[in-house]
Amino acid sequence: MRTSITLLVLSFIVMSCKSTSQNTTVSVKDSHIYVNDSLYTIKGICYHPVPKGSGNNRSFKTLTQDLALMTEAGINTIRVYAPIDDIKVLDEIHQAGIKVIMGFGYNQGGHYDIESGSFIDYVNTYKNHSAILMWELGNEYNYHPEWFGDDIKNWYKAMNDAAEVIHANDPNHPTTTAHGDLPDALALEMSPNIDVWGMNVYRWDNPESIFKLWKAVSSKPMYLSETGGDSYMSIEKAGYKQGENQKAQADAAKHILNKVFENTDICSGVTLFSFTDGWWKAGNNDTQDIGGYAPNSTGIPYDGAPNEEYWGIVDIDRNKKQVFNVLKEKYQSLNKN
């Protein structure tokens with residue numbers, strides 16, 4: 001009887017560990033990303049699920065519903081701005097066939113951040129989980145030298161050092177960053193340990209110019225870590241009426257996604273911004289407000305104004321916006337290729 005119980009316990013332990021076992025290796029080669037030696041194209045979305053009335057406090061209570069919508073749309077990758085420290089959440093994401101670009105901030109009060117060095121504790125805890133695609137260091141920090149003693153070189157050094165530590169601890173996943181638009185010569189020179197360059201690109205509804213510029217300065221993989229448009233027009237422009245305008249958002253996304261996937265010889269894909277509207281960004285957290293601010297945002301289609309609470313492909317209640325079907329059509333057609 002005791003032997004049977006022991007075997008049962010051991011079987012449970014094995015089953016519990018199975019969800020986190022490493023069965024994927026992500027690598028970079030010839031300007032592309034590979035998962036288990038198969039070419040991987042990012043068909044992604046930025047994901048930061050903050051409920052109504054919450055001051056930027058992320059919740060995964062809607063995860064099952066969200067993943068069902070993502071699966072319907074053909075999404076294979078989500079990009080998050082802070083580590084997901086919940087094995088059940090990661091397991092469910094993996095079971096949905098979706099991978100995660102896991103982001104670390106610089107100063108997060110010592111909680112899995114770069115400044116304290118505690119990010120590596122998270123890496124070593126979850127590096128064998130099959131949901132992980134890449135480790136991301138920072139989100140367009142190049143726009144904020146004031147956070148680093150007014151010297152952006154301090155950030156590039158911290159980022160590169162963190163990437164080196166990751167390489168020493170996890171050889172199976174690349175390092176990446178989300179840089180604000182095209183990295184300059186200083187960024188590239190100081191960051192040799194970044195394997196894949198993500199770029200937050202807002203060049204109206206046509207990002208094509210950045211692909212040629214990137215090819216001229218680097219042979220490393222790149223992807224668009226943020227791009228898209230919001231569903232509110234601050235002014236009437238380009239044939240789009242002022243006010244909430246889902247068609248403007250959908251048209252912009254269609255043009256952008258077409259250009260991304262016409263250039264897969266250079267660009268490894270995109271994580272469109274964003275999955276859901278964020279009511280916490282511009283005013284009262286209980287209402288959807290116009291306005292908001294984003295650095296270097298004059299290139300946002302079609303009014304040049306980032307209405308920060310209107311970027312979702314679904315609204316806060318998970319109702320599909322017009323852009324959802326645009327993304328679904330594009331991603332699903334790629335899945336058939």
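Predicted model: local features only at pLDDT ≥ 70, side-chain atom pairs only at ≥ 80, totals over all residues.
Local features need pLDDT of at least 70 and side-chain atom pairs count only at pLDDT 80 or more, while totals for chains, interfaces and linings use all residues. Residues are numbered from 1 along each chain as its sequence is written, and side-chain values use heavy atoms, with hydrogens and water left out.

Strand 8 spans residues 175-180. Helices (H or I, at least four residues) and strands (E, at least two) are DSSP runs, numbered from the N terminus. Buried means under 20% relative accessible area, exposed over 50%, and partly exposed in between (1.4 Å probe, protein chains only). Thr175, Thr177 and His179 point one way from strand 8. Thr176, Ala178 and Gly180 point the other way. Both sets are buried.

Strand 8 pairs with strand 7 (residues 132-139) in the parallel sense, over 3 bridges. Two strands pair if DSSP finds at least two bridges between them. Asparagine 139 has alanine 178 of strand 8 as its bridge partner. Strand 7, helix 5 (residues 152-169) and strand 8 form a right-handed β-α-β unit. A crossover is right-handed if, with the strands pointing away from the viewer, the path from the first strand over the helix to the second runs clockwise. Strand 8 also pairs with strand 9 (residues 196-200), in the parallel sense and over 5 bridges. Here alanine 178 stands opposite glycine 198. The chain passes from strand 8 through helix 6 (residues 185-190) to strand 9 in a right-handed β-α-β crossover.

Asparagine 200 lies in strand 9. Its relative accessibility is 2%, so asparagine 200 counts as buried. The side chains of asparagine 200 and asparagine 139 are joined by a polar contact of 3.1 Å. A polar contact is a pair of N or O atoms within 3.5 Å; within protein, one must be able to donate a hydrogen and the other to accept it, and residues adjacent in sequence count only if both atoms are side-chain atoms. Residues up to four places away in sequence aside, asparagine 200 touches Arg79, Asn139, Glu140, Ala178, His179, Gly180, Asp181, Ser225 and Glu226. Contact means heavy atoms within 4.5 Å.

A search of the whole structure finds 2 cavities of 30 Å³ or more. On a 1 Å grid over the protein atoms alone, a cavity is a set of points where a 1.4 Å probe fits but cannot get out, and lining residues have an atom within 4 Å of a point. Grid points are joined across faces, edges and corners, and a volume is the space filled by probe spheres set on the points. The largest cavity has a volume of about 40 Å³. Its lining consists of Leu137, Gly138, Asn139, Glu140, Tyr141, Asn142, Trp155, Met159, Thr177, Ala178 and His179. Strand 7, helix 5 and strand 8 are the elements that give two or more residues to this lining.

The loop between strand 13 (267-272) and helix 9 (322-335) holds threonine 298. At 67% relative accessibility, threonine 298 counts as exposed. Threonine 298 and arginine 203 are 95 residues apart in sequence, yet 8.4 Å apart in space, C-alpha to C-alpha. Beyond residues up to four places away in sequence, threonine 298 touches Trp204 and Gly304. Serine 274 is found in the loop between strand 13 and helix 9, and tyrosine 302 lies in the loop between strand 13 and helix 9. The peptide bond from phenylalanine 273 to serine 274 is cis, with omega near 10 degrees. The bond from proline 301 to tyrosine 302 is cis, with omega near -5 degrees.

Positive phi values occur at non-glycine residues, including serine 31, at about 70 degrees. Serine 31 sits in the loop between strand 1 (26-29) and strand 2 (32-35). Serine 31 is partly exposed, with a relative accessible area of 22%. Aspartate 150 has phi near 60 degrees. Aspartate 150 lies in the loop between strand 7 and helix 5 and counts as exposed, at 65% relative accessibility.

Aspartate 86 is found in the loop between strand 5 (77-80) and helix 3 (87-95). At 34% relative accessibility, aspartate 86 counts as partly exposed. A polar atom of its side chain lies 3.0 Å from the backbone nitrogen of lysine 88.

Conventions: 1 Å grid on protein atoms, 1.4 Å probe; cavity = no way out; pocket = protein on both sides within 12 Å on 5 of 7 lines; lining within 4 Å.
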